[in-house]
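Here is a walk through one protein model for someone meeting it for the first time. Take a look at the structure below, then read on.

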Amino acid sequence: AVPMRGGPSTLTFPELRHQLAQTDAVAEGHESRLLIRWGDPVLPDAPAFDPRRQTAAAQARQFGYNNDYIAVLPMRPGAPITDRALLWANHEYTNTNLMFPGMGSPGEARARVTAQQVEIELMAHGGSIVEIEREGRSWKLAPPGRLNRRITAATPMRISGPAAGHPWMRTSADPEGRLVLGTLANCAGGLTPWGTILTCEENINFAFGGALNDAAQAESQRRFGMVDNPPYGWHRHVPRFNRSLDPNESNRFGWVVEVDPYDPQSVPVKRTALGRFKHEGAAHAMAPDGRMVIYMGDDQRFDYVYRFVTARPHDPASPDRNLLDDGTLSVARFDADGTMRWLPLVQGTGPLTPANGFHNQGDVVIQARRAADLLGATPMDRPEDVEANPVNGRVYVMLTNNANRTAEQVNPANPRAANTHGHVVELIPPGAPSQPDHAAETMRWGLFLRAGKPGVDPGTEYHRATSDQGWLSCPDNCAFDSKGRIWIATDGAGSTAGIADGVWVADTTGAGRALTRLFYQAPTGAEVCGPWILPDDSALFLAIQHPGQNSGSNFETPSTRWPDFAEGMPPRPSVIVITHAGGAAIGS
Ligand code: FEO
Ligand code: CA
Ligand code: CA
Ligand code: CA
């Protein structure tokens with residue numbers, strides 16, 4: 001049957017058909033364009049990309065690996081986007097066996113990786129800022145501009161907030177505990193009203209290894225997932241990543257990092273008041289009284305949804321650049337009666353006392369997970385993006401999956417055992433949709449959709465008109481267009497459902513609510529990150545991460561050579577931009 005043109009959905013594009021292919025696909029009537037790839041120049045003196053002769057010095061000047069969060073910003077804070085803009089991209093992690101020749105499988109690559117390759121990998125992490133410019137209806141990479149910058153795993157960064165100077169934050173290289181080299185595992189992110197970027201450190205435990213000879217920290221580090229032999233081999237080559245040499249360095253990662261894209265000399269700041277866990281993103285909304293509210297997921301099976309509310313309102317006339325250092329971190333509890341309650345993580349209240357190891361707020365934020373355990377937060381199915389819909393005032397929680405949940409462990413907000421495909425929870429703050437109280441102590445909640453294939457996977461829930469192509473698996477990132485429709489990007493559908501990861505889009509209100517429709521499909525092995533929509537809905541930017549990350553795939557014999565398809569060139573994580581061929585809004 002020909003897929004429906006839209007049914008009750010306000011989205012009228014012809015749906016794609018599920019596939020798993022070497023290249024990507026976008027709905028008919030749209031154009032996709034490559035914007036920037038791993039290895040493309042970021043700084044003016046970047047050498048030409050040659051993956052067989054890569055060096056750390058070259059990589060530090062080129063676009064990094066595994067682009068995740070992206071944002072498109074005006075050339076000046078608060079200005080409208082015209083014919084030129086800044087693109088920020090996170091570089092989350094490295095696929096050693098796809099980046100370098102002769103590495104074999106991922107496991108073999110971990111054993112084989114050399115000190116020189118680790119240096120290259122460190123330079124491939126962090127973030128990039130590049131100028132882009134309009135060309136026709138679409139966008140292209142501009143020649144390196146004044147604001148172009150690479151942030152890496154070695155860029156000096158200031159530590160601020162309650163954990164700054166804490167004894168567990170001090171190292172031999174930084175006895176004050178206030179300056180750290182680099183950011184790691186930057187997954188999703190967010191923006192601030194004053195024009196800075198929030199980039200979020202997620203699976204930082206992969207970087208640290210070796211025996212921990214500090215019994216006082218054993219439980220804290222175990223709760224974060226630190227092990228002696230992690231998936232990277234870095235601790236064998238870089239002393240600060242070896243826990244037996246430096247037990248505290250890992251405490252200096254797992255934070256939300258603020259970067260000022262308008263000052264290439266600025267020192268990024270780790271904002272510790274927002275807590276330390278496996279941060280997915282940090283999307284913000286404003287409370288009616290002007291306080292800034294940041295929603296955050298901790299992406300681990302059975303971990304939690306968090307929120308930070310600033311102590312003071314944001315003043316647009318005179319922004320306080322340290323607003324994120326004071327405020328209240330809370331964790332979510334979902335109750336069966338449809339109430340969700342934000343439980344504050346404040347030292348000295350409830351169980352967060354010296355008897356439980358919490359002597360100050362620094363102890364609480366460094367061990368936010370352990371504090372949240374004691375408060376009775378609701379264990380979720382891997383919280384990824386948590387984003388407020390600016391049109392209907394509701395908040396959407398992407399829960400990617402949790403195959404480990406047993407029947408005994410289901411709870412109202414995570415109702416499926418062996419949840420292979422994930423679901424989306426909707427939070428409803430009190431107040432009118434035009435002025436929701438994102439700082440309220442309690443909200444209502446409900447399920448938006450339960451992913452998987454209807455009629456095949458147990459417990460799926462979509463709009464009843466959802467087509468054979470419209471079901472999805474493993475929701476991860478999301479964005480909203482100007483009409484409040486949700487654009488959901490997935491991560492993992494290849495392994496859970498045998499279909500390409502992609503972008504599905506649905507109305508959030510009206511007759512087409514939760515009628516997801518398939519708009520874009522990634523090449524095999526890739527997840528789709530970003531998504532970023534321009535305010536006038538004229539372009540959708542996507543970060544295509546880890547193309548070719550399939551079992552049996554490596555530098556010599558990758559499962560795809562997307563996007564170049566050139567002999568000898570491995571797949572390259574890239575940012576693309578999609579526009580409507582007729583100049584209409586995306587999704588038309
Ligand atoms: Fe890096 Fe939670 O995905
Ligand atoms: Ca990712
Ligand atoms: Ca993610
Ligand atoms: Ca993910």
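## Strands that pair

Two strands count as paired if DSSP finds at least two bridges between them. Keep in mind that this is a predicted model. Ile486 has Ala506 in E25 as its bridge partner.

E24 and E25 belong to an open sheet of five strands, in the order E1-E26-E25-E24-E23, with antiparallel pairing. At the edges sit E1 (25-26) and E23 (475-480), each of which pairs on one side only.

## A hairpin and its neighbour

Next, find E17 (327-334) and E18 (residues 339-344), an antiparallel pair held over five bridges. Ala332 stands opposite Trp342 in E18. Four residues lie between the strands of this hairpin, and Gly338 takes a positive phi near 90° there.

E18 has another partner to look at: three bridges join E18 to E22 (residues 442-450), and the two run antiparallel. Here Arg341 stands opposite Thr442 in E22.

## A strand with two faces

With E9 (residues 179-181) the pairing is antiparallel, over three bridges, and Met157 stands opposite Val180. With E13 (residues 269-271) the pairing is parallel, again over three bridges, and the bridge partner of Ile159 is Lys270.

## Helix H7

Which residues of H7 are buried? They are Ala368, Arg369, Ala371 and Ala372. Seen down the axis of H7, the buried residues fall within an arc of 160°, so they line one face of the helix. As background, an α-helix has 3.6 residues a turn, so residues three or four places apart point the same way.

What do the buried residues of H7 pack against? Their partners are helix H5 (218-223), strand E17 and helix H6 (361-366). Just after H7 comes Gly376, with a positive phi of about 80°.

## The nonpolar core

The largest nonpolar core has 165 residues, and Ile70, Leu87, Val397, Val503 and Leu542 touch the most other members.

Leaving aside neighbours within four places in sequence, Val503 is in contact with Trp487, Ile488, Ala489, Phe519, Tyr520, Val528, Pro531 and Leu542.

Arg382 has one of about 65°, and Arg382 lies in the loop between H7 (368-375) and strand E19 (383-388). Asp537 has one of about 60°, in the loop between E27 (527-533) and E28.

Are these residues buried or partly exposed? Arg382 has 26 other C-beta atoms within 10 Å, so Arg382 is buried. Asp537 has 17 other C-beta atoms within 10 Å, so Asp537 is partly exposed.

One more stop: the peptide bond from Trp562 to Pro563 is cis, with omega near 5°. Pro563 sits in the loop between strand E28 (540-545) and strand E29 (574-580).

Terms used:
Residues are numbered from 1 along each chain as its sequence is written. Chains are lettered from A and ligands numbered from 1 in the order in which they are written. This is a predicted model: local features need pLDDT of at least 70, side-chain atom pairs count only at pLDDT 80 or more; totals for chains, interfaces and linings use all residues. A residue is buried if 20 or more other C-beta atoms lie within 10 Å of its own, exposed if 12 or fewer, and partly exposed in between; C-beta atoms are placed from the backbone. The arc is that of the directions from the helix axis to the C-beta atoms. Two residues are in contact if their C-beta atoms, placed from the backbone, lie within 7 Å. A nonpolar core is a set of buried Ala, Val, Leu, Ile, Met, Phe, Trp, Tyr and Cys residues joined through C-beta atoms within 7 Å.
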